[in-house]
Amino acid sequence: MSSKTWTAVDEYIVSSLFEADPVLDATLAANRDQGLPAIDVSAAQGKLLSLLVRIRGAKKVLEVGTLGGYSTIWMARGLPADGKVVTLELDPHHAEVARSNFERAGVSEKIDLRVGPALQSLAALGNENAGPFDLIFIDADKPNNPNYLAWAMKLSRSGTVIVCDNVIRDGAVLKEDGRDAFVEGARAAFSFIGSDKRLDGTAIQTVGAKGYDGFAIALVE
């Protein structure tokens, strides 16, 4: 089965289950026009994140890796009126684009966007006693996955849901040669979740408009 078919099925899912959403379309267009890399989650994946927020009954969400805010908007929409997403972005230009997207989407009041190296921002959140968060979405530089997961555990509680994206990497997660830091980061995520007795997790392989990849999801016991 080809990537062309995967993309067509993703389009079928969206056309069958979603209402037209000019705001989210405008977000992707703005990201593209501003030169951001086209690595946003797909619409189906964004809706899944929004549903996970609602299923969990989350009021406090942490996102590591904002990019242009597409996934952030999806999660913010799943929150109650008094909910908040704290989202962390390294690149000031990406953050500027994201802020504009949040304003257009009408979710700025639900979002706390912090700019700078994520590990520094996470340490600051720890110092502020900002946790615990109800749902944590990790979608940033993959070599730091174990560091982000370690902070996720510090900022979580029993019942927190942790999602770590891009852990299959077109099947390259099977490679053990250590030559690709992104693959090593994916493998490190599996090792972390599998070895921490406080976590009960699994991973789902996905195909679609973003190709062949997948995400890990874990529940803090």
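Predicted model: local features only at pLDDT ≥ 70, side-chain atom pairs only at ≥ 80, totals over all residues.
1. On one side of the story is β2. β1 and β2 run parallel and are joined by five bridges. If you want a pair to find on screen, take Val64, whose bridge partner in β2 is Leu88. Between them in the unit comes a helix: β1, α4 and β2 form a β-α-β unit, and it is right-handed.

2. β1 also pairs with β4, the strand at residues 135–138. These two run parallel as well, joined by four bridges. Here the pair to look for is Val61 with Leu135 as its bridge partner in β4.

3. Next, the nonpolar core. In soluble globular proteins, nonpolar side chains tend to be buried together. The largest nonpolar core in this model has 30 residues, and those with the most contacts inside it include Leu62, Leu88 and Ile138. Leu122, Leu125, Ile162 and Leu199 are also on that list. At least two residues each come from β1, β2, α6, β4, α7 (145–154), β5 (161–165), α8 (181–195) and β7. Helix α7 gives the most, with five residues.

4. Now the empty space. Rolling a probe the size of a water molecule over the atoms shows where empty space is left. How much space lies in the largest pocket? About 750 Å³. Its lining has 36 residues, and Ile39, Asp139, Ala140, Asp141 and Lys142 lie nearest the centre. Two or more lining residues come from each of α4 (70–78), β2 (84–89), α6 (118–127) and β7 (211–220). Strand β7 gives the most, four residues. By class, the lining divides into 14 nonpolar, 11 polar and 11 charged residues.

5. The second largest pocket has a volume of about 640 Å³. It is lined by 30 residues, and Asp25, Leu28, Ser42, Ala43 and Tyr70 are the closest to its centre. The elements giving two or more residues to this lining are α1 (3–17), α2 (22–33), α3 (43–56) and α4. Which of them gives the most? That is α3, with six residues. The lining has 15 nonpolar, four polar and 11 charged residues.

6. There is also a cavity to check. Searching the whole structure turns up one cavity of 30 Å³ or more. The largest cavity holds about 80 Å³ of space. Val41, Gln45, Leu48, Leu49, Leu52, Phe137, Val163, Asp165 and Phe215 line it. Helix α3 supplies the largest share of that lining, four residues, and both α3 and β5 supply at least two. Seven of the lining residues are nonpolar, one is polar and one is charged.

7. Is Leu51 buried, partly exposed or exposed? Leu51 counts as partly exposed because its relative accessibility is 34%, and the partly exposed class lies between under 20% for buried and over 50% for exposed. The C-alpha atom of Leu51 is 9.6 Å from that of Leu79, a residue 28 positions away along the chain.

Key: Residues numbered from 1 in each chain as written. Heavy atoms only, no water. 1 Å grid on protein atoms, 1.4 Å probe; cavity = no way out; pocket = protein on both sides within 12 Å on 5 of 7 lines; lining within 4 Å. Points joined across faces, edges and corners; volume = space filled by probe spheres on them. Nonpolar A, V, L, I, M, F, W, Y, C, P; charged D, E, K, R; others polar. Buried < 20%, exposed > 50% of the residue type's maximum accessible area, 1.4 Å probe, protein only. Pairing = 2+ DSSP bridges. Right-handed = clockwise from strand over helix to strand, strands pointing away. Core = buried A, V, L, I, M, F, W, Y, C linked by side-chain atoms within 4.5 Å.
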